[in-house]
Amino acid sequence: MFDLIIIGGGPAGMTASVYAARKQMKTLIITKEFGGQLMWTMGIENYMGYQFITGPELMVKFEEQVQRFSTNIKYEEAIKLIVNKDGTFAVETDGGIYETKSVIIASGKRPRRLNVPGEEEFTGRGVTYCATCDGPLFIKKNVAVIGGGNSAVQAAVELSSIAQIVYLIARRDYIADPVIIDKMKEASNIVELKGYTTEGIYGQDFVEKLGIKCLADGQLTELEVHGVFVEIGLKPNSEFVTGVVDMNSNNEIIVDCRTCTGIPGLYAAGDVTNCPDKQIVIAAGDGSKAALMAYDYLLRQK
């Protein structure tokens, strides 16, 4: 029986594990891999202590600190969370079942899909969800970025230094920070296509064309591209607690300012929650807060 199980290996989960270790709690981390969304982020300029650092570099720093403590780690995927009648919990994974007195859900989010013809077929063969990871594969080639938020505009900026032409396709005006939009405007090879939707992805063995439709007149256009970068937002990894905790319409776990879910001993932190701002520093802060709340809960149980 563990004192605490942390589900997730991103900034929230790793920070929670460090705080739990310092409180000498018997802790288990369950995660498929360390890093979370930051492994897809090329440049971070707003994390205190670093004027500039890449996502993978920052996650190495996080992981090094986690590894200083003798925390148990299982590289598995959480499938189901069970609340036992005695108030303890069981976490079922693809590798086993683990019992614990308290839980922190820090499972983060994953990329949304377009759900258009060709997307699944060409995933890994031109369709990608990570400009940082896969951008270097498209040197001097034409690519398309789909989306209008910070991640999409930033991806277009990153790719503009690699690709021949970058088509930036958005349904409406950008919902991105002005500083990122300004950088995008400076790139001479970014072609903005606002007011378009994606209709399909086509090719033989690899992506060759992207079909888009103009919302104003319904006209269909095919773009010759070798890469399609999907940046249309993220979905919370919360399916394994469906019916266990309260969620909002976006399937984000509802928590209060103390990371409490409403179930004693069960907390949630980071992007999987309904906190309004999805930022690294906020996720890390949530993780530390959740660990301290779990520690306080266990003290009161004793």
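This is a predicted model: local features need pLDDT of at least 70, side-chain atom pairs count only at pLDDT 80 or more; totals for chains, interfaces and linings use all residues.
Two strands count as a pair if DSSP finds at least two bridges between them; strands themselves are DSSP runs of E with at least two residues, helices are runs of H or I with at least four, and numbering starts at the N terminus.

Strand S10 (residues 142-146) and strand S16 (residues 227-230) run parallel and are joined by four bridges. Val-143 has Gly-227 in S16 as its bridge partner.

Zooming out, the protein has six helices and 18 strands. Its radius of gyration (over C-alpha atoms) is 21 Å, close to the 19 Å that the globule rule gives for 302 residues, so the protein is as compact as a globular protein of that length. That rule is 2.2 Å times the number of residues to the power 0.38. The C-alpha trace spans about 65 × 40 × 35 Å along its principal axes.

The protein splits into two domains, with bounds from an automatic or database domain assignment:

| Domain | Residues |
|---|---|
| domain 1 | 2-110 + 234-301 |
| domain 2 | 113-230 |

The C-alpha centres of domain 1 and domain 2 are 32 Å apart.

A note on the numbers: residues are counted from 1 along each chain as its sequence is written. Local features need pLDDT of at least 70, side-chain atom pairs count only at pLDDT 80 or more, and totals for chains, interfaces and linings use all residues, while side-chain values use heavy atoms, leaving out hydrogens and water.
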